[in-house]
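Trainee: I would like to learn how to read a structure such as this one, feature by feature. Could we look at it together?

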Amino acid sequence: MKPLNLISVSAEVSPYSKSGGLGDVAAALPKTLAKFGHRVIVVTPFYGFMKNQEIPQEDIGEGKVQVGDHSYTLKFKVSRPREHLEVYFVCNDELFGHYQVYMYGHTNDAVRFYVFDRAVLVLIDLLYERQRWVPDIIHCHDWHTGLTPNFWSLERGRDERFVKTSTLFTIHNLPFQMQGNWWDVPEDKRDDGRGLPTDDPRAIRWLNFTRRGIMYADAINTVSVRYAKEILTPEFGQGLDRLLRRREKDVFGIINGIDYAVYNPQFDPHIWRRYDWNSLDRKHKNKRELQKIVGLEQSNDIPLVGLVHRLTEQKGFELIKQALPVLMRLSLQMLIVGTGERDYIAAFKKAAKKYPKKISIFTPPIGSDINDELSARVYAGSDMFLMPSRYEPCGISQLISLRYGSIPIVHETGGLSDTVVDFDPRTGNGTGFVFSRYTVEDLLIAMVRALETYKYPQIWEHLTWQAMQESYSWDIPAEKYVQLYRRTLRIHEQLRTTG
Ligand code: GLC
């Protein structure tokens, strides 16, 4: 079949910018699709902190986006990291260039991403003028890019040049729908999504980008099969479940993968001893080194539980906090790596002081090299990996932990439920420990089951071996995206011909 022309739009793309899983996905999926022979164009903002990175790039042109009576001049630069893959940076210092650390969370985010979403259309025009290039699919990731399908559908829907071009909107995390919190928007300011978005700079902050992405994209997907079902319910739908149910036949779920060139204990440069499932004794050496550098007792008999997460309520830290007094009475060591909400950091730092033999916490900034190194060492050196997220669209960390043979203990939700199989001691099947009710008791029961199993080294080794053999490379999900792109083209064609 003919290779596809694809545009992938995302506010973050690793290694240039990354605050979480989105940055990984927006990098690895295009890379895999390019490897398959599709031509992929990635579009992302050029943030201030990227000025220090040595990115080979070439100016390719300029464009303008008007917001009220202010006109923003944008420059486009391109980098070509591999065959069939180009990364276009949208540059404007006023909007993106001043940001040295955080990519978002600013009071003008709505205007910044309004302009970015429009810039995608400007870039497509430029590519058409230059090369007669026509995208088959414009693939938009998460709220920051939700207006692109809206502009596209209402302004280009009937454009002769682009009759086939279709749009896909991927939801990575539904509570994030716009600048600020959707639930805090006063009733009379709530965006119903109809028509073109306002260009009044004072009103742009009330736009619900995600709602518009869902309304105007030809197809919608999310990052696991289970989360795709969950978001159709009021419990997980974040006020958009009715809209999603209306579009149910166009809502799909595809689980993420991880980049095995990056996350692989056989080659990982950050860990002390490289290993695979045939050399688990080397994993134990990583454990002892890790215990040493974080100040925990060096012993193989005490199970080491790793956590590499943003310290937020979503990731289950409320539950862990409540369970802590009991956890601290069990025979285990806990090691937490990540930044996040101040209250959680304070609470766990306090616990680390009180129980220095049992718990250690490190908070290196996201995106720093120390963070990458320490995280890899936790995956490699820990026996278990705790991830009791309240909800989880996909989750990347549990996929990495499986790969590194750190047995995941997870809440049965979203992508966690799709990727971790509960261990059954009678049959020996399973890859982790799964609990279904989001309660302290259920979390503790799963922990105790894991700790008890750890007492039997042969069984534990068998479990580790099984976990490490799971395959979550991007090849399979990327192939599913290709199928979804073709389906999106068909949905678009049907809509176009039936009006
Ligand atoms: C968001 C979700 C996470 C998912 C990631 C990438 O960060 O919270 O579950 O893995 O996006 O899709």
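Mentor: Let us begin with a helix: the buried residues of α5 are Phe-209, Thr-210, Arg-211, Arg-212, Gly-213, Ile-214 and Tyr-216, where buried means under 20% relative accessible area, exposed over 50%, and partly exposed in between (1.4 Å probe, protein chains only). Helices (H or I, at least four residues) and strands (E, at least two) are DSSP runs, numbered from the N terminus. This is a predicted model, in which local features need pLDDT of at least 70 and side-chain atom pairs count only at pLDDT 80 or more, while totals for chains, interfaces and linings use all residues. Residues are numbered from 1 along each chain as its sequence is written, and side-chain values use heavy atoms, with hydrogens and water left out.

Trainee: What covers the buried residues of α5?

Mentor: The cover includes α3 (109-131), α4 (147-156), β7 (166-171), β8 (219-222) and α8 (241-246). Helix α5 spans residues 209-216, and seven of its eight residues are buried.

Trainee: How should I read strand pairing, and how many bridges join β3 to β4?

Mentor: Strands of a sheet pair through backbone hydrogen bonds, either parallel or antiparallel. Two strands count as paired if DSSP finds at least two bridges between them. Here β3 (residues 58-67) and β4 (residues 70-82) run antiparallel and are joined by nine bridges, with Asp-59 standing opposite Lys-77 in β4. The two strands form a hairpin with two residues between them, and Gly-68 in the turn has a positive phi of about 60°. Strand β4 is also joined to β5 by six bridges, again antiparallel, and in β5 the bridge partner of Lys-77 is Phe-89. This second hairpin likewise has two residues between its strands, with His-84 in the turn at a positive phi of about 70°.

Trainee: Is Glu-86 buried or exposed, and which side chains does the side chain of Glu-86 meet in polar contacts?

Mentor: Glu-86, which lies in strand β5 (residues 85-91), is buried, with a relative accessible area of 9%. A polar contact is a pair of N or O atoms within 3.5 Å; within protein, one must be able to donate a hydrogen and the other to accept it, and residues adjacent in sequence count only if both atoms are side-chain atoms. By that rule the side chain of Glu-86 makes polar contacts with the side chain of Arg-39 at 2.8 Å and with the side chain of Arg-80 at 3.0 Å.

Trainee: In what order do the strands of the open sheet run?

Mentor: Six strands form it in the order β12-β11-β10-β13-β14-β15, with parallel pairing. At the edges stand β12 (359-362) and β15 (433-435), each with a single partner strand, so one side of each is left without a neighbour in the sheet. Within this sheet, β13 (residues 384-387) and β14 (residues 407-411) pair over four bridges in the parallel sense, and Phe-385 stands opposite Pro-408 in β14.

Trainee: Where do polar atoms of Glu-392 and Cys-394 lie relative to the ligand?

Mentor: A polar side-chain atom of Glu-392 lies 2.5 Å from an oxygen atom of the ligand, whereas for Cys-394 a polar backbone atom is 2.9 Å from a ligand oxygen.

Terms used. Contact = heavy atoms within 4.5 Å.
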